[in-house]
Amino acid sequence: MAKPNLFDYDRQGLRDLFASIGEKPYRADQVMKWMYHRHVTDFADMTDVGKALREKLSAEVEIVPPKTMFEKQSSDGTHKWLLGMDGSNAIEAVFIPETSRGTLCVSSQVGCGLNCQFCSTATQGFNRNLSTAEIIGQVWVAAKHLGNVPHHQRKLTNVVMMGMGEPLLNFDNVVRAMSVMRDDLGFGLANKRVTLSTAGLVPMIDKLSESSDVSLAVSLHAPNDELRTELVPLNKKYPIAELIASCQRYAARRPRTSITFEYTMLKDVNDKPEHARQLIKLMRKVPSKVNLIPFNPFTGTRFTRSDEPVIRAFQKILLDAGVLTMVRRTRGDDIDAACGQLKGQVLDRTRRQADFRRKLEQGQADAA
Ligand code: SAH
């Protein structure tokens, strides 16, 4: 049987694990600091841990980060890792440096089952949920690469669960990993600097509201049910009114925070002034900000990016109505690391890859 991987545990879990091998809780805390503050995975290097305990730990447990299969840096400093998760699957994580902060975009699943029409991860199909170790391991790999030290040389200041997958469909592992991200013995990030983004799983938003205090982002992309169901099929199950109601409940428990609504700008699809006006009505119902994301194209997509002046005009309508609205700058697109471009390597179990390829070939044949 495989040894327990310490990346799979949060602080309490680690203390319980240490208790089960007859060790005191503070020993678990010491090991955690070595792992997350100094990026040490070899027990032999943990010099303030007694030799006997180091040997016992080496025999019984292990600390194994994901394997970097490939990494690439964009001309704008964005860094992308392809991380191997098992024999056939790999996911992507992306670090985006800015002047006053550094954001890591983290994946939660191998592929995704939700089939949002404008997302390239969707064309990959779905294989499985990532383990806690595979999620926190992405932050660990990036932090080590950056020489990040919590509270001192903090280069990694924010984490967004906006990589591959739907985080709320991998609830327990995501919540546990986010707890290590915010733990002082882990990466020590402030609650509001860890953001979970969801396509809108209403019951799970309520569950998150009760169990974890992180920032919430909702992938809205359309201001009415007809259009949203077309773009985000999950909307059929949880229509906009229910989604907004769950956001209201989330916000009610966190009086000083607002919810970010992501809105990918798709040319002639959701970028008309009337869409902006419908969006304003929704945004009045909940403390919110809007993040407009210029669509990032990928092979085979039927969508294109809204023109810059159209995006600015859309933003202005919202701003004039008092809705805080930002346009997300596209980063890392020269290395396919921008929003919605993450693909990894997915051993698809849903036939979606095959269907997508068939459609693509058909389209090319039709065009020829
Ligand atoms: N499943 C979660 C996490 C993925 S987040 C969610 O839906 O929120 C990835 C963000 O990028 C989402 O807001 C997603 O809708 C957006 N996105 C997906 N494909 C995109 C594309 N091609 N261009 C720009 N944004 C995209």
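This is a predicted model: local features need pLDDT of at least 70, side-chain atom pairs count only at pLDDT 80 or more; totals for chains, interfaces and linings use all residues.

Trainee: How many helices and strands does the chain have?

Mentor: Helices (H or I, at least four residues) and strands (E, at least two) are DSSP runs, numbered from the N terminus. In this chain they come to eleven helices and twelve strands.

Trainee: What radius of gyration does the chain have?

Mentor: The radius of gyration is taken over C-alpha atoms, and the globule rule is 2.2 Å times the number of residues to the power 0.38. For 368 residues a compact globule would have a value near 21 Å, and the chain, with 21 Å, agrees with that. Along the principal axes, its C-alpha atoms fill a box of roughly 70 × 50 × 40 Å.

Trainee: Which residues of helix 6 are buried?

Mentor: A residue is buried if 20 or more other C-beta atoms lie within 10 Å of its own, exposed if 12 or fewer, and partly exposed in between, with the C-beta atoms placed from the backbone. In helix 6, which covers residues 202-211, the buried ones are Val202, Ile205 and Leu208. Seen down the helix axis, the buried residues fall within an arc of 115 degrees, so they line one face of helix 6; the arc is that of the directions from the helix axis to the C-beta atoms. The face turned away from this buried side carries the exposed residues Pro203, Glu210 and Ser211.

Trainee: What do the buried residues of helix 6 pack against?

Mentor: Two residues are in contact if their C-beta atoms, placed from the backbone, lie within 7 Å. The buried residues of helix 6 pack against strand 8 (194-198) and helix 8 (240-252).

Trainee: Which residues come nearest to the ligand?

Mentor: A residue is near a molecule if its C-beta atom, placed from the backbone, lies within 6 Å of it. Of the 17 residues around the ligand, Cys119, Ser197, Ser219, Cys339 and Gly340 come nearest. Strand 8 and strand 10 (259-265) each supply at least two residues of this shell.

Trainee: Are Ser197 and Ser219 buried or exposed?

Mentor: Serine 197, in strand 8, counts as buried because it has 22 C-beta neighbours inside 10 Å. Serine 219, in strand 9 (residues 215-219), is also buried, with 26 other C-beta atoms within 10 Å. Not counting residues up to four places away in sequence, serine 197 touches Ser219 and Glu262, among others, and the residues that serine 219 touches include Val232 and Glu262. In an unreviewed entry, UniProt lists both serines under "binding site", together with Gly165, Glu166, Leu220, His221 and Asn296; its positions are given in the numbering used here, feature names are shortened, and annotations may be inferred rather than shown by experiment.

Trainee: Where is His221, and what is its phi?

Mentor: Histidine 221 is found in the loop between strand 9 and helix 7, and has a positive phi of about 70 degrees although it is not a glycine. With 27 other C-beta atoms within 10 Å, histidine 221 is buried.

Notes. Residues are numbered from 1 along each chain as its sequence is written.
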